[in-house]
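Please look over the protein shown here.

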Amino acid sequence: CGEVKSAVQRFRYAATGRWAVSIRTYLAMVFPFGYLTSIEREQQLHNISVSHAAGIALGGELVCALYLFIVQALLLGNRKNQLQPLWRVVFVWISAGLIRGVFTACNARWGSGYDFDFGQRVPAAAIYTALAMALTAFYFGTIDRRRIEGRALRTLEGVLEQEESQLTELQRKRRQEVKQVFEGQLLPQVGALRSGIEKLLSAPAVDEGSVQKLFVQSQGISQSLEKQAAELRDNPLSKRTESEHSENFSYWTALLPKVLSIRITFLLMLLGSFSGQFVRNGLKGALAGFVGAFVVIAYLLPISQALKRTNFNRPLLYALAYPGAFLVQGGYNLIQPQIGFVLSHPYQPWYSGLKTMYGVYVASIIATLVVSVEGRYSRHSESGLKLRNKISALSTDNYSLEKNIAEAQYGTLQGKITGVTMALHLMSTMDSISQARKTELLVGANALLDESLREIESLQGGLR
């Protein structure tokens, strides 16, 4: 029950939107074969010429097209913006088939004086039209939804690419800024402070004025470190900028099919067999058509698998597929009486083969479009996932860089400079400190400055 509900939901999402009724797909996919079967039916009913039968059938086709043009505007006018109720869409499909069959009968009666024969014309026209429009709406709706989803993923991919580029550039700039601060400010200041302490150590007595001057320098260095750490904390690297990316997709590319779909071919052949054979030869003719569909599918299956799974000569495989379908169907029509299908109005083998080859071609066009949009969707989805992972890793690197600089290395430097500041502060404010003790404090401060210089040089190397 759950699978059936899911299938119905997928069908509704695909078939009740923009492509629920499309004049383009109707004229390209539904009309040609429907018109052809109407001509066959009129010939079989009245034994008339092809041109006369085509004139009778054309009346129903024109009225059906006019009806679809009007009803899609009245009942399905906003289908491009939102999904329509499924019952309303199904009503349009079935009513279009009824209109087609009824007005073909009326044209035969009013234009040529034949009987209405509603029982022969209306059910076949309604069933074929409704099913063909449903299949067309489902497949082209699926194609369009996947195309829109792929375009959205491509736009997201563009945004992620832009974000990745900005994060990389900001990381480069941040590293360069920190490096410039170390080289242009902290390193010279620490070096000058160290030189001053070394001079005091080499002097016979510690000058109080020099100590005070060194104390002020150490405070300046500590304030510079605090300022740089605060800037790293307050200026995160992450930014986002919207970017528009477009992708080129054309339905015309499928006119040279690259895919041979067994499933779609089988569905189209079953639909064609029923709509063509049922009126001509009843249930026996429809059964013969079903068997013929299985025969053709059995021939096409290995070719389809070879196209999917091998790198064998593709033009040769296509040459085997389409002409081969023509020959298999024609051969099947020739042997139908020998296998028990003696039909009152059998098709000519060459004509049946041409229709089968046309059906395989139409199915291949639809399958090529479906595979193309699915492939684009999968590529964009995979690319977007890789970009998201890459950006996540880059953001983690940036966060580690900031945390490392702001908390660890800046904190270590500031702690050492603070130690120097405290030593100099003690020396400048406490008169009771002995000369030996002052010398000891200066030696300790000098050692801290040596460690600070090594820390700065190490940090500079990590920023390259």
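## Overall make-up

A residue counts as buried under 20% relative accessible area, exposed over 50%, and partly exposed in between, using a 1.4 Å probe and protein chains only. Of the 464 residues of the protein, 43% are buried. This is a predicted model, in which local features need pLDDT of at least 70, side-chain atom pairs count only at pLDDT 80 or more, and totals for chains, interfaces and linings use all residues. Residues are numbered from 1 along each chain as its sequence is written, and side-chain values use heavy atoms, with hydrogens and water left out.

Helices (H or I, at least four residues) and strands (E, at least two) are DSSP runs, numbered from the N terminus. The protein has ten helices and zero strands. Contact means heavy atoms within 4.5 Å. Among contacts with a separation of 6 or more, 82% join residues 24 or more positions apart.

## Confidence

The predictor's confidence in each residue is its pLDDT, from 0 to 100. The protein averages 77, and 65% of the residues score at least 70. Helix α4 has the highest confidence, at a mean of 93. Helix α6 (residues 208-234) has the lowest, at 60.

Residues 237-246 have a pLDDT below 50. Beyond near neighbours in sequence, this stretch still has 24 contacts in the model. Where pLDDT is low, the predicted coordinates should not be read in detail.

## Two nonpolar cores

A nonpolar core is a set of buried Ala, Val, Leu, Ile, Met, Phe, Trp, Tyr and Cys residues joined through side-chain atoms within 4.5 Å. The largest one has 21 residues. Val21, Leu68, Trp93 and Met133 touch the most other members. Four helices each supply at least two residues of this core: α2 (23-46), α3 (50-74), α4 (86-112) and α5 (118-202). The largest share, six residues, comes from α5.

What does Leu68 touch, not counting residues up to four places away in sequence? Its partners are Val21, Ile23, Tyr26, Val92, Ala96 and Met133. A second, separate core has 16 residues, including Leu260, Ala306, Leu307 and Val360.

## Packing of α3 and α4

Two packed helices are described by the angle between their axes and the distance between the axes. Axes are lines fitted to C-alpha atoms, for helices over the stretch in contact, and angles run from 0 to 180 degrees between N-to-C directions. For α3 and α4 the angle is about 145 degrees, and the axes are 8 Å apart.

The α3 side of the contact includes Gly55, Gly59, Gly60, Glu61 and Leu68. The α4 side includes Val92, Ala96, Ile99, Arg100 and Phe103. For the class count, Ala, Val, Leu, Ile, Met, Phe, Trp, Tyr, Cys and Pro are nonpolar, Asp, Glu, Lys and Arg are charged, and the others, Gly among them, are polar. The contact has 13 nonpolar, eight polar and two charged residues.

Leaving out residues up to four places away in sequence, Glu61 touches Tyr26, Phe31, Gly34, Tyr35, Ser38 and Arg100.

Thr265 lies in helix α7 (residues 262-309). Its relative accessible area is 0%, so Thr265 is buried. With residues up to four places away in sequence not counted, Thr265 touches Ile297, Leu300, Val360 and Ala363. The C-alpha atoms of Thr265 and Val296 are separated by 9.4 Å, and the two residues are 31 apart along the chain.

## Tyr377 and Gly150

Tyr377 belongs to helix α9 (residues 349-429). Tyr377 is partly exposed, with a relative accessible area of 24%. Setting aside neighbours within four places in sequence, Tyr377 contacts Arg146, Glu149, Gly150 and Leu153. Tyr377 and Gly150 are 227 residues apart along the chain, but their C-alpha atoms are separated by 4.5 Å.

## Two loop residues with positive phi

Most residues other than glycine have a negative phi, and most peptide bonds are trans. Asn47 has a positive phi, near 55 degrees. Asn47 lies in the loop between α2 and α3 and is exposed, at 72% relative accessibility.

Asp117 also has a positive phi, of about 50 degrees. Asp117 sits in the loop between α4 and α5. At 28% relative accessibility, Asp117 is partly exposed.
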